[in-house]
Amino acid sequence: MANIGYSFLLILAAFIWGTTFVAQAEGNSAGPFVFTCTRNLIAAALLFGLAKTLDATGKSPRRPATPAQRKKLWKAGILCGIALTFGTNFQQLGLYLGTSAGKSGFLTTCYIILVPFLSVFIGKKINLKSWICVGITLVGLYMLCIKDGFTVEVSDGVLLLCALSFAIQILFVDKYGPDVDNVRLSAIQCLVACVLSAAPMFLVDMECSAAGMVRAVEIYSHGSAWIPLLYAAVLSSGVAFTLQIVAQNKIKPTIASLLMSLESVFAVLGGWAVLGEQLTLREGLGCIIMMVAVILSIKK
């Protein structure tokens with residue numbers, strides 16, 4: 001039952017990420033790096049505040065108490081943060097360069113293949129059932145996301161790098177998550193992603209000019225620009241990535257990646273339910289196939 005509970009946390013994270021694709025697509029008005037840097041800054045501030053609140057109420061059992069523990073926490077946060085930086089920026093850049101939301105979801109979720117492959121290289125054993133579930137999920141994912149054939153563009157390569165980055169982040173969380181304070185780990189990785197995104201934000205989006213900075217401030221002076229930013233910052237970066245870290249304490253990374261791949265299903269279902277987009281028979285079958293694969297993966 002405990003594993004089912006942690007599996008639900010990952011499915012909830014997938015739901016949040018799936019519904020964040022629209023927010024990310026709408027948040028590119030000031031530039032992809034401005035959006036990524038700002039969302040992670042907000043998320044880090046909220047998570048550090050939450051960590052302090054938990055400390056004050058005595059609900060931080062893994063709060064680092066020694067220099068060695070703090071060093072381990074920051075090492076874990078920096079490594080996860082570097083991977084997260086590349087993952088979120090490559091994803092945002094792929095959308096900015098014109099890859100459709102559906103294709104972006106497919107390419108991003110290719111981490112379901114990369115996680116078990118990378119796991120093998122670092123000495124982890126992946127059973128046959130998990131490989132079968134990965135294959136079934138990939139078929140369902142293709143049916144769900146790819147509608148007009150598959151051609152390779154420059155932006156697609158960027159999104160494959162995004163998938164590789166997220167696969168590495170999943171493995172770092174698996175390695176360090178069980179031993180450190182999870183809220184602080186999530187906060188540090190967001191802080192690192194913010195700091196590392198600042199350089200391309202000023203160099204690329206703002207073009208190292210005062211005019212570029214003024215333009216970004218002008219865009220975010222309107223309330224409508226804050227809606228997608230806050231959704232991505234609070235729910236996606238803050239809540240969902242923290243849920244991932246907490247749940248991966250008990251779930252193997254390959255199974256975790258399969259559960260998190262449901263973000264593509266929720267992205268399509270959200271478009272159908274909220275935006276009135278048509279759900280085709282092919283997409284419906286893709287959703288069902290992916291659901292079956294996920295159920296098989298967590299069933300004993």
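Colleague: What are the ground rules?
Modeller: The model is predicted: local features need pLDDT of at least 70, side-chain atom pairs count only at pLDDT 80 or more, and totals for chains, interfaces and linings use all residues. Residues are numbered from 1 along each chain as its sequence is written, and side-chain values use heavy atoms, with hydrogens and water left out.

Colleague: Why is isoleucine 251 called buried?
Modeller: Its relative accessible area is 7%. Buried means under 20%, exposed over 50%, partly exposed in between (1.4 Å probe, protein chains only). So isoleucine 251 counts as buried.

Colleague: What makes phenylalanine 15 partly exposed?
Modeller: Its relative accessibility is 39%, so it falls in the partly exposed class. Phenylalanine 266, at 16%, counts as buried.

Colleague: Why is the pair of phenylalanine 166 and phenylalanine 241 called stacked?
Modeller: Rings of Phe, Tyr and Trp (its six-membered ring) pair if their centres lie within 6.5 Å; planes under 30 degrees apart count as stacked, over 60 as edge-to-face and the rest as tilted. Here the centres are 6.5 Å apart and the planes at 25 degrees, so the pair is stacked. Phenylalanine 166 is buried at 8%, and phenylalanine 241 is buried at 5%.

Colleague: What makes phenylalanine 15 and phenylalanine 266 edge-to-face?
Modeller: Their planes stand at 80 degrees, with 5.3 Å centre to centre. The aromatic pairs number six by this rule.

Colleague: How do you know that lysine 175 lies over the face of tyrosine 176?
Modeller: The distance from the ring centre is 5.5 Å. The rule asks for NZ of Lys or CZ of Arg within 6 Å of the ring centre and within 35 degrees of the ring normal.
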